[in-house]
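This briefing gathers computed structural features of one protein chain and arranges them by topic. Please consult the sequence and the coordinates alongside the text.

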Amino acid sequence: MEGQHKFDYARISEMRSRYVPDAAVLSAVLPGPSDTIIDVGGSGDGYYSILFSRFASKVYAVERDRDAARYIEDRVKGGGVKNVDVWNTDICEVFPEVQFNKVFFSNSFHDLRCREGLIDVLLNRSRPGLQVTFVEFKKVESIGPPPLEVRIADNELATLMTGRGGFRLVRKAYLEIHYIHTYELQGHGDNKKTL
């Protein structure tokens, strides 16, 4: 299956702690007590879902890999986290029917076959003020699991997000091998669309 990974959780944790400081992610997402966040891909091991749960009202970890979703559920239950729901579904097939105001992708957007369709769904099913944050590998030869040809350069992501109108880039950060972009939805229609 396209983009399907078998997760090496120790490696994920090592890469995250070495290259993506929590402070950089929190500064981009700015989770707060009135936020409901959809964490697409569950960040492999649920790390960011659990991190955001300390600040946000509700977090939905969306993970299509069954084993990864179970792993995240075990971490959530084992940690006594009450405000994280794990959804074992493919976001390209089923978009959560919940109210939310933030969406987060950590090294998962490049794997999605429905990137443009997903952006259209966010444009048409969300309210102004929606914030979407991406952590992605820079599109240069360096450390990182995704091959260079599947990575999304920061300017490619900006074109995808702003090219249809509605989203504008509001925060960005450049790390050693990653970049972080946060986009905000400006005034836009309320039409319903599916992927």
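**Lead points**

Ser-126 is found in the loop between helix 5 and strand 5. The model is a predicted one. The largest nonpolar core has 30 residues.

**Ser-126 and its surroundings**

- Ser-126 has a relative accessibility of 5% and therefore counts as buried, the limit being under 20%.
- The side chain of Ser-126 reaches the backbone oxygen of Leu-122 at 2.9 Å.

- Strand 6 and strand 7 (residues 178-185) are antiparallel and pair over seven bridges; Tyr-174 stands opposite Tyr-179 in strand 7.

**Helices on the sheet**

- Strand 4 is mostly covered, with five of its five residues buried.
- Lys-102, Phe-104 and Ser-106 point one way from strand 4, whereas Val-103 and Phe-105 point the other way; all are buried.
- Strand 1 and strand 4 run parallel and are joined by four bridges; Asp-39 stands opposite Phe-104 in strand 4.
- Strand 4 and strand 5 also run parallel, joined by five bridges; Lys-102 stands opposite Gln-131 in strand 5.

**Nonpolar cores**

- Within the largest core, the residues with the most contacts are Ile-38, Val-103, Phe-105, Phe-109, Val-132 and Phe-167.
- At least two residues of this core are supplied by each of strand 1 (36-40), strand 2 (58-62), strand 4, helix 5, strand 5, helix 6 and strand 7.
- Helix 5 provides the largest share of this core, five residues.
- Leaving aside residues up to four places away in sequence, Val-132 touches Val-103, Phe-105, Leu-122, Met-161, Phe-167, His-181, Thr-182 and Tyr-183.
- A second, separate core has 28 residues, including Ala-56, Val-81, Val-86 and Val-135.

**The disulfide**

- Cys-92 and Cys-114 form a disulfide, with their sulfur atoms 2.0 Å apart.
- The torsion about the S-S bond of Cys-92 and Cys-114 is about -75°, so this disulfide is left-handed.
- The pair links distant parts of the chain, 22 residues apart: Cys-92 is in the loop between strand 3 and strand 4, and Cys-114 is in the loop between strand 4 and helix 5.
- Cys-92 counts as buried at 9% relative accessibility, and Cys-114 is buried with a relative accessible area of 11%.

Terms used: Residues numbered from 1 in each chain as written. Predicted model: local features only at pLDDT ≥ 70, side-chain atom pairs only at ≥ 80, totals over all residues. Heavy atoms only, no water. Pairing = 2+ DSSP bridges. Buried < 20%, exposed > 50% of the residue type's maximum accessible area, 1.4 Å probe, protein only. Polar contact = N/O pair within 3.5 Å; in protein donor to acceptor, adjacent residues only side chain to side chain. Core = buried A, V, L, I, M, F, W, Y, C linked by side-chain atoms within 4.5 Å. Contact = heavy atoms within 4.5 Å. Disulfide = S-S within 2.5 Å.
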